[in-house]
Each structure stands twice: as structure tokens, then as C-alpha cells.
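Please keep the sequence and the structure in view while reading.

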Amino acid sequence: MEIRFHGHSCFELSEGDTRVLVDPFLKPNNPAAVASADDVEPTHVVVSHGHADHIADAVGVATRTGAECVAIVEVANWLEEQGVEKVHDPNLGGTVRFDWGWVKLVPAWHTSTIAGSADAPYSPTPGTVTGTPAGLLINLGGVTVYHAGDTCLFGDMKLIAERNPVDVALLPIGGHYTMDRHDGVVAAEFVGAGTVIPMHYDTFPPIATDAQAFKAEVEAKTSSQVVILAPGESHSAG
Ligand code: NI
Ligand code: MN
């Protein structure tokens, strides 16, 4: 599986003819991205929660490409309302199966609100509360990726990984809106993935952090390898 990092929490997982775009947030919405919404051709789009930095380009990309979308039921209903045609609407614990693998929603400790007004697309004031945020387990071609979404550290990450062995963990480390790099080290210990890729850092000033220090600490304390990707870079897994 090829894992392309688009910056922030946006990744594209590819294997064969399948391209799964996670948390679409691209240029110019995403200040870190090098690709725009017109540069991607996903077959599937998976969304962790309704914050703009995870969903800003979901509708545009999905309506242009006809990609099938997976999101927790409230976000899925909103996507349908926006004109996305092929939408799967699981809830936590639910698994959606495809011929290439599956997507399972697991907990994430965070909030989730979709901005509800075209005049103020990033304002939470007119926003719609869209249920619970999710973490995502995505199995593509036999490789399991855990995209933790936006979350603080929580002990059940251990249970999630015990029930669904994780090959590659995508963990937020920027702090402020999610866990920081110190809690991220403990998350890496809990998950026990072969590979850890940090995300959700350095996009905006409040989430600036030292990814190299995170890598050094994880590799000193666990058997996981940390791969730091710059936006636009890819990693081959499995
Ligand atoms: Ni968020
Ligand atoms: Mn976020």
C-alpha cells in the first residue's frame, strides 16, 4: 500500500485501482498542502469528523469524482444533503466492507461540528453538531491503517489495537486541539504498530511541534519505526 501525505490529517491510501482519501483538506484550504482538490482522483473518501480541517474538500472531491464516502451517520447524512451520492453511514463499532478491504469506526475523544452557513464556512456559530468524532481503521490490500482522527490520548487505544492489529498508525501530535507529542508517544506504545506516521502538527501556529523529537522518543521506547512525511511525500507499507 502506498500512503501519500497531503498535509495536516489528509492522507491518500492506494493499492491497485483503489485510492482512499482520508479527511480531505487540500490547497488552498489547507495551508500545508501541495495538492489541490482538483489534483486528487479518489475512488473512496473517508471522513473522521465534521471539523473544517478534515472535511473542507470532501463534498467538492466526492461530487466531482463520484467517490464512495464513509463517515459516521450524522456526517454521512450531511454529505448526502450536500449532494454526495454514494454514502455509507456506519456508527462507532460498525464496519463497511468493500471488495478491497474494510473501514471500521472506532472512538476518538474530541468534538464535531459542521459549519452550516455558506457566508461563514469556518464559523462554529451557525454550525451543526454532527455527533461523535471517530477514529478510522482502514484495511486495504491486507494492510491495516489506524487513522486516530482528532483525539486526546485514551486507554482504549490499547483495546482497539488488540482487537484489530495495526500495521500503520497515523497519530496526531500537534497538541492544543489533540494530544501532543508526549501523549503521542504513549499512544504509539498502546497501539504497537510497525510504523507510526505523525499528523495534525505544524499546519497552524498553535499546533507547531518537534516531530523529530517525537520520532526519537517513540523509537527509543517502542519497537515502532516513525516515518515523518512532508506534504506531498509517500511511504510504502506492507
Ligand atoms: Ni477536529
Ligand atoms: Mn483537526
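Histidine 51 has a relative accessible area of 19% and is therefore buried, because buried means under 20%. Histidine 110 stands at 21% relative accessibility and so counts as partly exposed. The model discussed here is predicted. Both histidines take part in coordinating the nickel ion (ligand 1).

**The nickel ion (ligand 1)**

- The nickel ion (ligand 1) is coordinated by His49 through NE2, His51 through ND1, His110 through NE2 and Asp150 through OD, at 2.1 to 2.2 Å.
- Along the chain, the donors of the nickel ion (ligand 1) follow the spacing H-x1-H-x58-H-x39-D.
- Histidine 51 lies in the loop between β4 (44–46) and α1 (52–55), whereas histidine 110 lies in the loop between β8 (101–107) and β9 (113–114); the pair is 59 residues apart and links distant parts of the chain.
- The site of the nickel ion (ligand 1) is irregular, with angles of 90 to 172° among its four donor atoms.

**The manganese ion (ligand 2)**

- The protein donors of the manganese ion (ligand 2) are Asp53 (OD), His54 (NE2), Asp150 (OD) and His200 (NE2), and they lie 2.1 to 2.2 Å from the ion.
- These donors follow the spacing D-H-x95-D-x49-H along the chain.
- Aspartate 53, in helix α1, and aspartate 150, in the loop between β12 (143–147) and α4 (157–163), are 97 residues apart and link distant parts of the chain.
- Aspartate 53 and aspartate 150 are both buried.

**The bridge between the ions**

- Aspartate 150 bridges the nickel ion (ligand 1) and the manganese ion (ligand 2).
- The two bridged ions lie 3.2 Å apart.

How values were computed
Residues are numbered from 1 along each chain as its sequence is written. Chains are lettered from A and ligands numbered from 1 in the order in which they are written. This is a predicted model: local features need pLDDT of at least 70, side-chain atom pairs count only at pLDDT 80 or more; totals for chains, interfaces and linings use all residues. Side-chain values use heavy atoms; hydrogens and water are left out. Donors are N, O and S atoms within 2.8 Å of the metal (3.2 Å for Na, K and Ca); water is not among the atoms, so sites may look incomplete. Four donors count as tetrahedral if all angles lie between 85 and 135 degrees; four count as square planar and six as octahedral if opposite donors are over 155 degrees apart and all others between 65 and 115; anything else is irregular. Helices (H or I, at least four residues) and strands (E, at least two) are DSSP runs, numbered from the N terminus. Buried means under 20% relative accessible area, exposed over 50%, partly exposed in between (1.4 Å probe, protein chains only).
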